[in-house]
Amino acid sequence: MKRCLILLAIVLAAPCIVPAPLSALTGEEILARMDVNKVFTTISYTAKMQIAQGSVVRTKTMKAKATSDGKAIVEFTNPEDKGIKYLKIDKNLWIYYPEEDDTIPISGHLLKEGMMGSDVSYEDALEEDALAEAYTIQVSPEDASFEGKPCYLVILNAKKDTAPYQTRKIWVDKVSFVGWKAEMYAKSGKLLKESVVLEVKRIGNADFATKVRMTNALVPNRYTVFEMSEVVLNPKLDPSIFSKRFLSR
Amino acid sequence: MYFIKLALRNIFRNRRRSLLAVLSVLLALFLMSFMEGFLNGMLGSFTTNATKTDSGHVQITTKEFQDRLRFMPVDANITDPVAVVEALKNDPVVGPRIDLTAMRLKFGTLLEYNGRNKTALGIGGEPETEKKLLMLDRAIIRGKYISGAREIVIGENLAEDLGIEVGAVLKIVSATAEGSTNMRKLTVAGIFRSGIDSLDSGVFQMTLEDAQALLKTGGGVQQIMVMLKDYKQSEQTALDILKILGNPDLTALPWTESNEMFGFLSMAEAMFISIYFFIAILGTVIIVNIMMMVVLERRREIGIMKALGVSRREILGIFTAEGLILGIFGSLAGVFLGLAVTAVVATTGIDLGESLKGMNFPMTNVIYPAVSAMGLVKVFVIGVLTAGIISILPARRAARMNAVAAIKSAL
Amino acid sequence: MSTLLTIAVRNLVRHRLRTIITALTICVGVASFLAIDSIMDGSNKDAFDNIVYLTGSALKIHTAEYLAEKNSLPLKYGIQDAESMMDSIREKPGVVGTAPRVRFLGQLSNYKDMLPVSAVVIDPRRDAEVFRISEYVESGHYFSDGGSGEILIGKDLAEDLGLAPGSSVVLSANDVNEVMNALDFTVAGVINAPVSGLNTNGVFLSRQDGEGLLGLNGLVTEIDVQMEWRPGAPFEELAKTSGALAADLSKSYPSLAFDPIAEQAKSFLALIASKSKFTSIIIVIVLAIALVGIVNTVLMSVYERIREVGVMRAMGFQGGEVRRMFFLEGTLIGLLGSVAGMLLGGALVWLLVVRGMDMNSFGFDISSFNMPISPVIHGVWKPQSFIQILIIGTVSAMIAALLPARKAAKFVVTRALRFE
């Protein structure tokens, strides 16, 4: 799940930095706090993804390496997908298939497809990079909470008609700035997707959401659970691994 | 017993009249038996054409596949289709009925070429077998048909949308039987134009092996299609196959249950049967006609016989025997003639012309009349019985006549 | 000539049984031809009805760009000024209605399962002037006024998702910006139409909701036009008027593509053409049998009346007159058989027209296959078939009688008299 790979985990986690006067925080500032990109330049981890579609649950395992400036490479390790890799460079995405030693670019309509058969689309993953660009950000004056923890309710409204979700709501923990829950709404106001953080771990200076569940609100028995482990911050990564050539190796 | 001798003598005595009678019966029976063959062949061709793209006469799949048919699942396969096919071919009851078997995989894919991508339906089958089923080898307009692994033939419009020509290497992505995705690179060997929009705009054919490798089915297939020599045996054969398989996870459906066209074909069959019925009536009427006249015109003769002392029973016997003999000869000859003509036409077929091009499935234009032993026997029996029975009626009347009145009656 | 005629008639009456039997042969042939012809035409008409009023329409209008991509049902390439165009078309002679439609691909979910559907946004009021969907609503009802929040679904779809009128569902689809949107709906009615595509994944929603779901902003990608089609008139008539209207409109709107009914029914028309080749083979065989009957009758009668012929010749009748007499006899039998066949056929056709033939009695659900045919097929009256068969029957009888009649004329008088 691309989104979790880099972005969900990143977006929903937050560094524990100098506490600021709460009342004065704007939406942008809150999001900025959440942006874990400031905590590392490179990151590597292993992850497990459970994709449930009704009674069928599939498990995928992977190893990921990413940079804070938008590059990532993921290699699947579960038997059915062994050797398949995703390469992301900025907004471009490719899937590499070992048997054919070749890649497919994900573009156009394909971006709306769910990754690996899940309900999380490539677009969902890529969009996270630039939430601030695509959405206007407000903080709801009401008091919000998630499972008893007081939160900011950050409301994002799409600036353009082409944004995948018209409205997003994020419950951000007032203390740790972990984004516990996010809801994605369609233009009609109907809830389309919902993601909930199930587990948070402190790694280095930051709180990372290490287990997240994303649910298709229109068919609730379809959901995806993403779990990170063996997270290493700022490992030494050879920049050449983020290239198509390297995929063949 | 001497009825027969007398009957024969009578028959040969008035050769012209007898010949006329036999000829009439012959003609009627000839038409009836040809009709039988024609309709049979028609129905058989319709059924085969309608079923060979989708289901075959009998379709073998897993039960799960049928349950989730709407989604065209690739993970509910028959795991060892080769063994299944062997078992069927070796079975003494089912084996001889089989015309051909085909293993197939049909699945949704994404085609990618030079940055352009399009969804399409992929059909994986053995190329040689598919020549008789999908028959795309006849529709190739550029390049050639599949001749080996890693080759595909693709619909004209689909090729245009992707901007590909013969020789292009496509990347084909699909969901696999293991719940992941896979990609395979295949070369366009040929481009086809079938005239059927759904095929030309959205379908490509690949080898079964390539499909199995792409979908990672481990040798499994979604369905085994069985085409029979006689489509009418489909339902029985399906039941027989189920017994041979002895596997609760598998199911064998005759086309009558799985194919959409069933209703239409039944209706066609019902119509054909009623047409045949009418023709049979016409044929019998002719025979009735002839036999009546043969007897009626000899009323004088009957009167004389009675006057000479021949008993009623004997008269009845003679005329009935005559009728039967004429009937047998005429029917035999008629049926043989019908058989001969049907056989000749069966090799060349009757061309229904270009008119079938627009149909929703690839279909041969030529209908081959089929000879069926049962059908011919039916026709023959009808002929003989009718002739015999019909001779009885007027013969009885004649037998009861007053001798003098009979002699006097000027026909 | 009239003497010959009288004699011929009297002869036929005298040999009543033979006359009746032969005429009966022809009668059955004629009657069955008429009945089959009627039901075949009836099923064709039925199919056409469905094509014209359910799936197609007399005339379909799209932009050329839309047609090029019609398989993906894009939400673009709309028709400019659709409203004014529909108004002006409505004024044209023979047009009974125009309706805007937008087709798109969506997903229907009952919160447990989600199925892909082929959906259509319609204007319920105007759509009813063009199409007859409302007649196929099996349970529930057609859109009520405006139809907001209401949806019509095919019966297989309802079954698969366990839905019934009153059920709540959510329909999701990509809007004009290719962004997913979703709306809640209540199932207003379930459709059971003799077009299986409609039943398995057809969904209809009103214009209002279409705007909300897809952000159409007045977009109309398809205009359907219905034209007057006299009940009982042959399909060709409608094909002509719709073709003419299409030609006329394409002059005023060169950038649009007009599909008259003949285009839309192309594959079905081809099927009918092949059907008719098949039926003509059958008819040839039927006729052959009837002819054989006549030939053998007349021949038999000639041979058994050789004596009679001898007497007539002795009495002064010319060979030609004798021939004509037999010829007349054969013709009269043919005429009698044909007329009787027409009467019997007429009765059968009447039954078929009024009561129809229930296809479902053959034991299957007729809507489950992809032919646009309804469960009960009615026959049609085709006066030209009656006339056709009358002529064919009589003429064939005449031809059949010729040969034996000639034979009769050639008998040498003396030998004929002596014949036993």
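Author: Two residues are in contact here if their C-beta atoms, placed from the backbone, lie within 7 Å of each other. The model discussed below is a predicted one.

Reader: With which residues is C:Ile151 in contact, leaving aside its neighbours within four places in sequence?

Author: C:Ile151 belongs to the largest nonpolar core, where C:Ile151 and C:Leu171 touch the most other members. Once neighbours within four places are set aside, the contacts of C:Ile151 are C:Val169, C:Leu171, C:Phe185, C:Val187, C:Ala188, C:Val203, C:Phe204 and C:Leu205.

Reader: What share of chain B counts as buried, and what share of chain C?

Author: Chain B has 15 helices and twelve strands, and chain C also has 15 helices and twelve strands. Among the 411 residues of chain B the buried share is 53%. Among the 420 residues of chain C it is 49%.

Reader: In chain C, what share of the contacts between residues at least 6 apart in sequence joins residues at least 24 apart?

Author: For chain B, residues 24 or more positions apart account for 81% of the contacts with a separation of 6 or more. For chain C, the share joining residues at least 24 apart is 81%.

Reader: Which element gives the largest share of the side of chain B that touches chain A?

Author: On this interface 13 residues of chain B are in contact with 13 residues of chain A. Two elements of chain B give two or more residues to its side, strand S6 (169-175) and strand S7 (181-192). By class, that side of chain B divides into three nonpolar, five polar and five charged residues. The largest share, four residues, comes from S7(B).

Reader: Which residues of H13(C) make the contact with H1(C)?

Author: The crossing of H1(C) and H13(C) is right-handed. The contact has ten nonpolar, one polar and three charged residues. From H1(C) come C:Leu4, C:Leu5, C:Ile7, C:Ala8, C:Val9, C:Asn11 and C:Leu12, and from H13(C) come C:Glu321, C:Arg324, C:Met325, C:Leu328, C:Glu329, C:Leu332 and C:Ile333.

Reader: Is B:Thr207 buried or exposed?

Author: B:Thr207 lies in strand S8 (residues 203-207) of chain B. B:Thr207 touches B:Gly124, B:Pro127, B:Ile146 and B:Ala149, not counting residues up to four places away in sequence. A residue with 20 or more other C-beta atoms within 10 Å is buried. B:Thr207 has 21, so the class is buried.

Reader: How far apart are the C-alpha atoms of B:Asn10 and B:Ile318?

Author: B:Asn10 lies in helix H1 (residues 2-13) of chain B and is partly exposed, with 19 other C-beta atoms within 10 Å. Beyond residues up to four places away, B:Asn10 touches B:Ile318 and B:Glu322. B:Asn10 and B:Ile318 are 308 residues apart along the chain, yet their C-alpha atoms are separated by 8.9 Å.

Reader: What is the phi of B:Arg150, and what is the phi of C:Leu73?

Author: B:Arg150 is found in the loop between strand S4 (140-143) and strand S5 (151-155) of chain B, and C:Leu73 in the loop between helix H3 (64-68) and helix H4 (82-91) of chain C. B:Arg150 is partly exposed, and C:Leu73 is partly exposed. Neither B:Arg150 nor C:Leu73 is a glycine, but each has a positive phi. For B:Arg150 the value is about 65°, and for C:Leu73 it is near 45°.

Note on methods. Residues numbered from 1 in each chain as written. Chains lettered and ligands numbered in written order. Predicted model: local features only at pLDDT ≥ 70, side-chain atom pairs only at ≥ 80, totals over all residues. Buried ≥ 20, exposed ≤ 12 C-beta atoms within 10 Å, placed from the backbone. Core = buried A, V, L, I, M, F, W, Y, C linked by C-beta atoms within 7 Å. Nonpolar A, V, L, I, M, F, W, Y, C, P; charged D, E, K, R; others polar. Left-handed = near helix turned anticlockwise from the far one by under 90°.
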